Amino acid sequence: MTQAAIVDARDVDYALEIAGRPLTILRKVNLRVAPAEVVAIVGPSGSGKTSLLMLLAGLEKATGGTVAVNGRDLGGMSEDELARFRRHTLGIVFQSFHLIPSLTALDNVGMALEIAEPNLSMAQIREKAAAALASVGLEKRLDHRPSALSGGEQQRVGLARASVANPPLLLADEPTGNLDQKTGAIVVDLMFDLARRNNTAVVLITHDPALAARADRVFTMTNGELTETPVAR
Ligand SMILES: Nc1ncnc2c1ncn2[C@@H]1O[C@H](COP(=O)(O)OP(=O)(O)OP(=O)(O)O)[C@@H](O)[C@H]1O
Ligand SMILES: [Mg+2]
């Protein structure tokens with residue numbers, strides 16, 4: 001028997017109504033991602049990459065087809081169930097980091113863990129958050145607020161926050177979009193390392209073909225249609 005997919009999106013359509021007119025954003029998108037598999041999605045601006053990620057995160061609903069993540073059909077879930085699903089199943093890394101400015105690196109990561117695992121003690125949360133930050137090389141920056149961190153360091157906090165509760169799926173929307181190429185490559189290396197160590201599947205959106213080529217598989221979104229792109233190894 002083949003192992004259940006962590007992402008199983010079938011014939012997904014996504015359409016919005018703008019000023020009374022239908023606007024098709026995704027058409028018949030199929031994407032299956034195996035546990036611990038790393039896939040990259042590239043494609044022009046406006047082609048629908050972020051929209052697909054929003055559907056996988058259960059932040060928007062498909063207008064056709066089905067989206068299942070970790071064996072659960074997101075279409076049939078209530079808002080509460082979706083919120084719980086996101087806490088336990090997903091880590092999300094954003095282009096613009098989205099750290100809380102008033103909290104230290106340790107507390108930014110600790111807060112995410114506390115939400116995912118409310119039964120942990122404060123001591124356990126601090127210990128695990130510190131370990132997550134150490135795993136991205138930030139053991140000396142625990143007490144820094146985001147404004148006192150470089151862009152690459154902020155994104156490494158973002159990565160620690162997304163992975164601290166050990167979710168089976170990491171979604172990253174241009175996580176290197178605000179970083180120079182060298183720093184971006186370091187962040188993506190860390191993300192892939194973490195994913196391999198924790199058996200986390202990754203869906204990475206990127207504009208950088210060199211980063212995409214390091215994924216197990218590469219897909220291209222063009223005008224709302226997703227196709228797999230063969231990768232030369
Ligand atoms: N809430 C919305 N209302 C209207 N149009 C939307 C909405 N969300 C997305 N769109 C449209 O859907 C299309 C796809 O947008 P999306 O953000 O998914 O593109 P993208 O591939 O992530 O682009 P980029 O590389 O610039 O981030 C765009 O044409 C966008 O204008
Ligand atoms: Mg986008």
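In strand 7, Leu170 is the bridge partner of Gly91. Strand 7 covers residues 169–173 and strand 6 covers residues 90–93; the two pair in the parallel sense over four bridges. Pairing requires that DSSP finds at least two bridges between two strands. Strands (E, at least two residues) and helices (H or I, at least four) are DSSP runs, numbered from the N terminus. The model is predicted: local features need pLDDT of at least 70, side-chain atom pairs count only at pLDDT 80 or more, and totals for chains, interfaces and linings use all residues. Residues are numbered from 1 along each chain as its sequence is written, while chains are lettered from A and ligands numbered from 1 in the order in which they are written.

Strand 6 is covered on both faces. Leu90 and Ile92 are buried on one side, Gly91 and Val93 on the other. A residue is buried if 20 or more other C-beta atoms, placed from the backbone, lie within 10 Å of its own, exposed if 12 or fewer, and partly exposed in between. In a regular strand the side chains alternate between the two faces of the sheet.

Strand 7 also runs parallel to strand 8 (residues 201–205), joined by five bridges. Here Asp173 has Ile205 of strand 8 as its bridge partner. These strands belong to an open sheet of six, with the order 6-7-8-3-9-10 and mixed pairing. Its edge strands are strand 6 and strand 10 (225–229), each pairing on one side only. Neighbouring strands of this sheet are turned by 20° against each other on average, direction ignored. Helix 1 lies across strand 3 (38–42), strand 7, strand 8 and strand 9 (217–222), and runs at about 150° to strand 8. Angles run from 0 to 180 degrees between N-to-C directions, and axes are lines fitted to C-alpha atoms, for helices over the stretch in contact.

A second open sheet has four strands in the order 2-1-4-5, with antiparallel pairing. Strand 2 (21–33) and strand 5 (72–73) form its edges. Strand 1 and strand 4 (residues 64–69) pair in the antiparallel sense over five bridges. Arg10 stands opposite Thr66 in strand 4. Helix 1 lies across strand 1, strand 2 and strand 4 as well, at about 115° to strand 1.

Helix 1 (49–56) and strand 1 (7–18) each supply at least two residues of the shell around ligand 1. Helix 1 gives the largest share, three residues. The residues surrounding ligand 1 include Leu16, Ile18, Gly48, Lys49, Thr50 and Met221; a residue is near a molecule if its C-beta atom, placed from the backbone, lies within 6 Å of it. By class, the shell has four nonpolar, seven polar and one charged. Ala, Val, Leu, Ile, Met, Phe, Trp, Tyr, Cys and Pro count as nonpolar, Asp, Glu, Lys and Arg as charged, and the others, Gly among them, as polar.

The axes of helix 3 (residues 105–116) and helix 4 (residues 122–135) come within 9 Å and cross at roughly 120°. Their contact has nine nonpolar, one polar and three charged residues. Leu106 is found in helix 3. Leu106 counts as buried because it has 21 C-beta neighbours inside 10 Å. Beyond its neighbours within four places in sequence, Leu106 is in contact with Arg126, Ala129, Ala130, Leu133, Leu142 and Asp143. Contact requires C-beta atoms, placed from the backbone, within 7 Å.

Conventions:
Contact = placed C-beta atoms within 7 Å.
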